[in-house]
Amino acid sequence: MEKVLLLIPLAPFLGFLVNGLIGRKLPKPLVGFIACFGPVLAFYCAVAIFSEILRTGEPVAHSYYTWIQAGDLTLPFRLLIDRLSIVLVLVVTGVGSLIHIYSTLYMEHEDAWGYARYFAYLNLFMASMLVLITGSSIVMLFIGWEGVGLCSYLLIGFWYTNPDYANAGKKAFVVNRIGDLGFVLGVFTIWYLFHDRPEALELANINKYAQAALDNGELATVAALTPAALLLLLGATGKSAQIPLYVWLPDAMAGPTPVSALIHAATMVTAGVYMTARLHVLFEIAPHALVVVACVGMATAFLAATMAVPENDLKKVLAYSTISQLGYMFVGVGSGAFGAGVFHLMTHAFFKALLFLGAGAVLHAFDNVGDIRQMGGLREKMPRTALIFFVGCLALAGIPPFAGFFSKDEILFGLLNNFLHGHGPVWLILYVAGVITAALTAFYTFRLFTLAFLGSPRGPIERHDHAHDAGPAMMIPLFILAGLSLVGGWVNVPLIPGAQNFSHYLEPIFGAHGPASHAAEAFGLALSTAVAVSCAYAGYSVHLRNPTFSIREGLAGAWYQLAGVKYRVDEAYERVFVQPIMAGAAALWEFVDVGVIDWAVNAAASAASATSERVRRIQVGLVNQYAFYLAGGAVIVVMFVLGLVGE
Amino acid sequence: MSASDIVFLAASIVAVGASALVVTRRNPIYSTLFMMAALAALAVIFVALEAAFLGAIQILLYAGAIMVLFVFVIMLLNPGTQELSLPRAPAWQRGSAFVMAAALLVVLASAFYRGDIKDAPAFSDPTLAVPAPPPRPVPTLEAAPGEPPPPPPAEFGTTERFADSMYRDHLVAFEAISLVILAAIAGVVVLAKRRLGDIPASARGGVGAGAGGSMVGAGSPPSEADLVAGGAPAEIAEAGLPRGARDVQLAAARLRYGHGGPSAASVGETHKS
Amino acid sequence: MFNLTNCLILSAVLFAIGAYGVLARRNLLVVLMSVELMLNAANLTLLSFSRWFAGGGAPGGSTALAAWPSATWVTRAPDAGHIFVLISMAIAACEVAVGLALLIALFRVRQTVSTAEVAELRG
């Protein structure tokens with residue numbers, strides 16, 4: 001079993017090595033095959049491990065070798081898959097394999113080197129993400145964390161000859177790095193608190209020691225867990241694009257669309273949610289940590305939804321939508337309903353990947369023009385694409401019986417539940433905000449669909465005539481994902497007794513979480529459905545009649561316009577952070593690098609030069625003078641020999 | 001004050017005085033003559049030091065050959081002209097040289113004025129008498145048993161003794177020095193050889209015109225026709241300069257600038273530089 | 001008066017005078033002569049010591065060997081000093097010959113025997 005376990009991250013990694021080193025020389029179909037083989041094999045192994053876990057009920061783990069041994073720090077290279085991580089492994093490998101297959105057709109226009117490079121990076125990403133999920137210690141998780149950050153940078157800036165795209169990649173990496181700093185400081189804090197206990201950096205042990213600290217009444221340790229948790233949260237906001245570090249995700253749409261689907265919808269951005277769910281005990285015990293998580297998540301979800309409404313670029317709408325849905329996941333986790341957060345993670349992977357790949361199909365056929373103001377009526381030319389896109393929109397908007405409805409509703413109900421259990425009015429505020437956000441989500445989702453696929457064409461007619469459904473390599477993954485978006489939520493149907501399979505499955509990890517009352521749950525279901533359907537219809541009908549609909553007057557108008565420029569957050573960051581740092585760097589360069597270091601080096605050279613200039617004046621060419629020096633030297637030497645001078 | 005003391009004192013005064021004059025005369029011929037005097041005085045001291053052979057060699061070789069060589073060269077370079085009697089060195093150079101020489105003297109004297117030899121007896125003292133060698137055995141006509149023993153050394157400082165020790169104990173040094181002399185001869189011949197275009201000694205006006213032909217490697221001075229054929233401008237031939245000086249200028253110019261004949265003005269300038 | 005010390009002092013004086021000549025005179029001929037003078041001073045030193053050690057073999061005159069017991073060459077090669085002086089003279093002769101040949105060659109090119117005027121090898 002341990003070989004199967006190792007194969008999960010290893011198979012894509014080997015694909016990376018082969019494609020990275022010699023892929024340039026191989027024919028494209030072979031490169032594509034090698035690239036898809038790794039993730040598919042990993043998926044197969046994941047299924048094997050899943051059945052093993054179901055059979056034994058125990059996690060599968062193995063230490064392969066001792067990686068670090070330094071003082072009291074022992075870090076083995078240890079992979080562990082339990083009930084929680086197998087869910088993510090299956091999602092990552094499954095959806096990842098579909099996206100790999102899709103990419104073989106999507107990226108066909110690249111040259112051999114670009115094609116090989118793309119798949120090498122994609123495979124490396126898969127390997128890193130799987131290391132992140134299956135790593136048994138927080139350091140192993142961080143290895144994968146960094147790896148996916150690197151691959152994100154490489155893939156966003158894939159077409160690096162375009163400076164805008166390259167800058168987008170750079171921005172993603174830098175913002176991620178800031179989060180990583182928080183993460184690392186969190187790890188240091190945990191180490192500082194627990195380093196005298198054995199294997200303190202294992203994820204399971206962190207939870208165990210936090211619980212032990214609480215049970216033993218170590219108040220100082222427990223209080224110190226909050227900064228650790230918040231620092232880890234900062235890392236999660238960087239990776240999962242929450243406030244304040246979300247600004248890289250819309251720019252990341254500069255990368256190829258399958259990259260956006262895989263990394264920025266389905267997998268990498270969920271790493272923060274996974275980390276929080278993994279360390280749920282830590283977050284539960286640290287005072288106020290979970291509330292902060294929930295508030296950050298909800299604020300992000302709400303603001304991102306407002307920014308998605310006026311957005312006109314196809315992929316950027318989906319990007320803001322991703323940020324918003326990630327916020328939902330954080331809210332779910334923050335409310336204590338960790339299972340709900342993971343459930344939404346899974347369903348979101350299905351329908352958001354579907355939507356992105358569908359958008360990719362549109363771009364592929366539409367000459368890479370993503371402005372939805374120039375689309376319209378694509379349903380006639382691309383009927384199958386329109387169908388699957390419709391399915392994805394239904395799931396995203398949270399309309400039953402599609403997947404998004406079940407997971408989103410469970411999160412909202414978790415909030416309501418917390419309020420009803422008396423945990424404070426903040427949860428009611430969060431619940432109301434969540435419902436409003438769901439309304440906005442449905443609205444902009446169907447705005448997008450209507451403007452792109454319905455109505456009459458608004459752009460140049462040649463581009464319209466050229467639009468067509470893509471080939472099977474792209475359509476088959478789309479249909480598979482559409483199917484999953486339909487049935488994916490059925491693993492956890494509320495109210496029907498015995499149908500909450502997903503929650504029961506995760507109970508050994510997160511503990512049981514019964515609802516307060518069936519009435520409240522039914523109320524929540526009805527409210528969510530009503531809101532989703534009505535706002536979806538509103539979005540559809542408003543934009544069908546008036547494709548250029550926007551609000552300009554009054555307070556709503558001001559807000560609409562402000563959301564349209566994304567609240568000028570990027571500009572604010574630029575002014576407050578980026579420019580002072582650049583100015584500081586320029587000053588350092590001028591005064592330290594040029595002024596001190598270069599000056600010192602040049603001064604050494606010119607000192608040598610000046611000294612030799614003076615010393616060479618001794619050589620005058622006059623024999624008498626040379627004889628003089630000779631005699632002088634002889635006198636001194638003889639005086640030394642005779643002992644007249646010298647020590 | 002024994003006889004040897006007086007001799008030593010006189011010889012040393014002559015030596016010091018003559019060498020002082022050597023280094024201060026402007027005319028190098030005077031320096032040469034005074035050098036010979038100093039060398040002769042030194043030869044006297046050598047003899048007083050029981051080195052009779054070397055005293056003779058000093059006169060023969062040093063004063064008789066080396067100094068004469070100096071005289072030859074001075075004559076070759078035509079003394080009395082401005083090139084040989086050079087002006088004095090500037091005062092600072094002479095002063096610093098004097099200081100350095102004085103420093104050397106002090107250092108050397110302090111080396112020699114050691115405690116263990118400071119109050120050495122005079123060489124005429126019987127304690128420092130050179131032992132006389134044993135008498136030579138008279139050679140007999142009888143067959144000698146095996147290898148004949150080496151004869152006892154001759155008297156200290158004589159030619160016989162010197163030859164004995166040199167050819168017996170120091171043969172390698174002797175052979176080596178003969179090689180050095182050979183090398184010196186070869187080098188001197190190559191260095192001093194006359195080349196085409198050199199200023200011939202006979203072409204310079206004044207004393208020594210006839211001596212040029214007898215020099216080692218001497219060639220004939222170039223004739224006027226040769227100079228004109230070599231591309232010398234006609235103005236020089238007509239300039240009315242004395243023949244020797246004109247040739248000197250041309251040859252010097254040719255040395256400096258190669259065949260091609262610069263103008264008379266530049267030739268005149270180069271001669272002055 | 002005529003003892004080892006005074007001989008050595010005399011040679012030191014001659015050496016110093018020769019040194020002055022080398023340092024202070026610009027006429028190359030005089031410089032060469034001064035070098036010869038220095039060589040002669042050295043020869044005088046050598047002969048003084050040779051006489052000094054040769055005289056130490058008498059039964060009553062063991063002062064020399066007593067002063068320098070490490071001078072074993074006195075018994076092995078009592079004439080070494082004289083040989084050395086002859087070699088020195090021969091070398092001096094060669095050196096003067098070569099030096100004068102150089103001087104002649106120099107004079108042919110530069111028409112001068114002044115050291116101050118042949119200073120092209122400057123830095």
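Reader: What percentage of the 273 residues in chain B is made up of buried residues, and what makes a residue count as buried?

Author: This is a predicted model, in which local features need pLDDT of at least 70 and side-chain atom pairs count only at pLDDT 80 or more, while totals for chains, interfaces and linings use all residues. Residues are numbered from 1 along each chain as its sequence is written, and chains are lettered from A and ligands numbered from 1 in the order in which they are written. A residue is buried if 20 or more other C-beta atoms, placed from the backbone, lie within 10 Å of its own, exposed if 12 or fewer do, and partly exposed in between. By that rule, buried residues make up 27% of the 273 residues in chain B.

Reader: Why does A:Ile81 count as buried?

Author: A:Ile81, which lies in strand β2 of chain A, has 28 C-beta neighbours inside 10 Å, and therefore it counts as buried. Strands here are DSSP runs of E with at least two residues, and helices are runs of H or I with at least four, numbered from the N terminus.

Reader: Which residues is A:Ile81 in contact with, leaving aside its neighbours within four places in sequence?

Author: Two residues are in contact if their C-beta atoms, placed from the backbone, lie within 7 Å. On that basis A:Ile81 is in contact with A:Leu5, A:Ile49, A:Pro59, A:Val60, A:Ile86, A:Val89 and A:Thr134.

Reader: Where does α1(A) bend, and by about how many degrees?

Author: The bend at a residue is the angle between axes fitted to the seven residues ending there and the seven starting there. For α1(A) this angle is about 45 degrees at A:Ile8, and a proline, A:Pro9, follows within four residues. The helix covers residues 2-22 of chain A and reaches 29 Å from its first C-alpha to its last, close to the 30 Å expected, where the expected span is 1.5 Å times one less than the number of residues. Its buried residues, among them A:Leu5, A:Ile8 and A:Phe13, pack against α2, β1, β2, α3 and α4 of chain A.

Reader: Why are α5(A) and α6(A) called roughly antiparallel?

Author: Their packing angle is about 170 degrees, with the axes 8 Å apart. Angles under 35 degrees count as roughly parallel, over 145 as roughly antiparallel, 65 to 115 as roughly perpendicular and the rest as oblique, and α5(A) and α6(A) are therefore roughly antiparallel to each other. The residues that make the contact include A:Phe142 and A:Trp145 of α5(A) and A:Phe173 and A:Phe183 of α6(A).

Reader: What makes α2(C) largely enclosed by the rest of the structure?

Author: Of the 27 residues of α2(C), 24 are buried, so this helix is largely enclosed by the rest of the structure. α2(C) covers residues 28-54 and reaches 39 Å from its first C-alpha to its last, close to the 39 Å expected.

Reader: How many residues of the side of chain B that touches chain C are nonpolar, polar and charged?

Author: The contact takes 85 residues from chain B and 70 residues from chain C. The chain B side divides into 65 nonpolar, 11 polar and 9 charged residues, where Ala, Val, Leu, Ile, Met, Phe, Trp, Tyr, Cys and Pro count as nonpolar, Asp, Glu, Lys and Arg as charged, and the others, Gly among them, as polar. The largest share of that side, 12 residues, comes from α4(B).

Terms used. Axes are lines fitted to C-alpha atoms, for helices over the stretch in contact, and angles run from 0 to 180 degrees between N-to-C directions.
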